[in-house]
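Please walk through this fold with me, strand by strand. Keep the model open as you read.

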Amino acid sequence: MSTATTAGAREHARAQGGTVVECMPTIPAGDGLSWAETVPGGGYAGKRLARGTTLRLTDLYGDACVSVLLFNADEPWERLNVADTVKVLWQAYIGEGHLLLSDQGRVLASVTVGAQDRSDTFCGTSTLTSNTGRYGDGSPHSPTPAGRELFTLAAAKHGLTRRDLPPCISFFQGVRVGDDGACTWLGSAGAGAIVELRAEMPLIVLLANVPHPLDPREAYTCTPVRIEARPGLPTAPADALWSRTPEGERALLNTADYLTARGIA
């Protein structure tokens, strides 16, 4: 079909209607979901989610590496603080029950499913410079896009800029820090691995699915991740997680105080 004319271009565009491929958003999400999307390796996604939403990420083929950024949807200057997430809760390896904290001492999300040995709070994501040096290009529309470049595109769709991007947390491929301070890449959690996050306040979630910065393979290796978000309830005082640690309880109380003042809780 020729697209040399306006009419031809219109017919060509309309002919794509109903096309289904593996990596694409599902609209409407269906099955009680508020978000359903499969993101390819080298892809990104972002969405505003309601408080209480459960966000499930599934590594479909075993080579996904999903970097995550979280923002307070109502006041996005409040955002994920990886350093506080690690030091306040005395644990650098993010697994089930961990709270993801903002720089205001509040809980943006809690981890309801996740393997501590396949998460990373240390290395961040790839950059234009690192990917250009390694693969020859790291620009967002190249065959080897860098995570930070993809985050910049995702952020722009929510009125945020590159300067708004803090360090991220990554899932499905982990590292361990040795006694000498060196990071060792542990590889993948395997096909079918799942991570679930529960939104403890209204969130903007940004995701970039790119190879881990320490992945030693020469080829740009990253496979699709499935995203499914389902409405639910946030952590409540009766939940065991609320009082699991003194530090976590204080962070959840800070969150409740903030949300109550805004008429959300």
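In strand 13, Arg-56 finds its bridge partner, Glu-228. Strands here are DSSP runs of E with at least two residues, helices are runs of H or I with at least four residues, and both are numbered from the N terminus. This is a predicted model, in which local features need pLDDT of at least 70, side-chain atom pairs count only at pLDDT 80 or more, and totals for chains, interfaces and linings use all residues. Residues are numbered from 1 along each chain as its sequence is written, and side-chain values use heavy atoms, with hydrogens and water left out.

Strand 3 pairs with strand 13 (residues 225-230) in the antiparallel sense, over six bridges. Two strands pair if DSSP finds at least two bridges between them. Strand 3 (residues 54-59) is also joined to strand 11 (residues 194-199). That pairing is antiparallel and has five bridges. Within strand 11, Arg-198 stands opposite Thr-54.

Is Ile-227 buried or exposed? Ile-227 has a relative accessible area of 0%, so it is buried. Buried means under 20% relative accessible area, exposed means over 50%, and partly exposed lies in between, using a 1.4 Å probe and protein chains only. Contact means heavy atoms within 4.5 Å. Leaving aside neighbours within four places in sequence, the contacts of Ile-227 include Trp-35, Ala-36, Glu-37 and Val-39. Leu-55, Arg-56 and Leu-57 are also among them, as are Ala-45 and Leu-207. Leu-128 is another matter: Ile-227 and Leu-128 are 99 residues apart in sequence and 25 Å apart in space, C-alpha to C-alpha.

Five strands form it, in the order 2-12-4-8-7, with antiparallel pairing. Its edges are strand 2 (43-49) and strand 7 (119-120), each pairing on one side only. Strand 2 and strand 12 (residues 203-209) run antiparallel and share seven bridges. Look in strand 12 for the bridge partner of Lys-47, and you find Val-205.

Helix 4 (residues 147-156) packs on this sheet. Helix 4 touches strand 2, strand 4 (66-72) and strand 12. The direction of helix 4 makes about 145° with that of strand 12. Axes are lines fitted to C-alpha atoms, for helices over the stretch in contact, and angles run from 0 to 180 degrees between N-to-C directions.

Why is helix 4 largely enclosed by the rest of the structure? Seven of its 10 residues are buried, so the rest of the structure largely encloses helix 4. The buried residues in helix 4 are Gly-147, Glu-149, Leu-150, Phe-151, Thr-152, Ala-154 and Ala-155. Their cover includes helix 3 (128-135), along with strand 2, strand 4 and strand 12.

The backbone deserves a last look. Most residues other than glycine have a negative phi, and most peptide bonds are trans. Which peptide bond is cis? The bond from Ile-27 to Pro-28 is cis, with omega near -5°. Pro-28 lies in the loop between helix 1 (6-15) and strand 1 (35-39).

Trp-90 is not a glycine, yet has a positive phi of about 60°. Trp-90 sits in the loop between helix 2 (82-87) and strand 5 (99-101). Trp-90 counts as exposed because its relative accessibility is 69%. Phe-172 is not a glycine either, and has a positive phi of about 85°. The loop between strand 8 (169-171) and strand 9 (173-177) holds Phe-172. Phe-172 is buried, with a relative accessible area of 1%.
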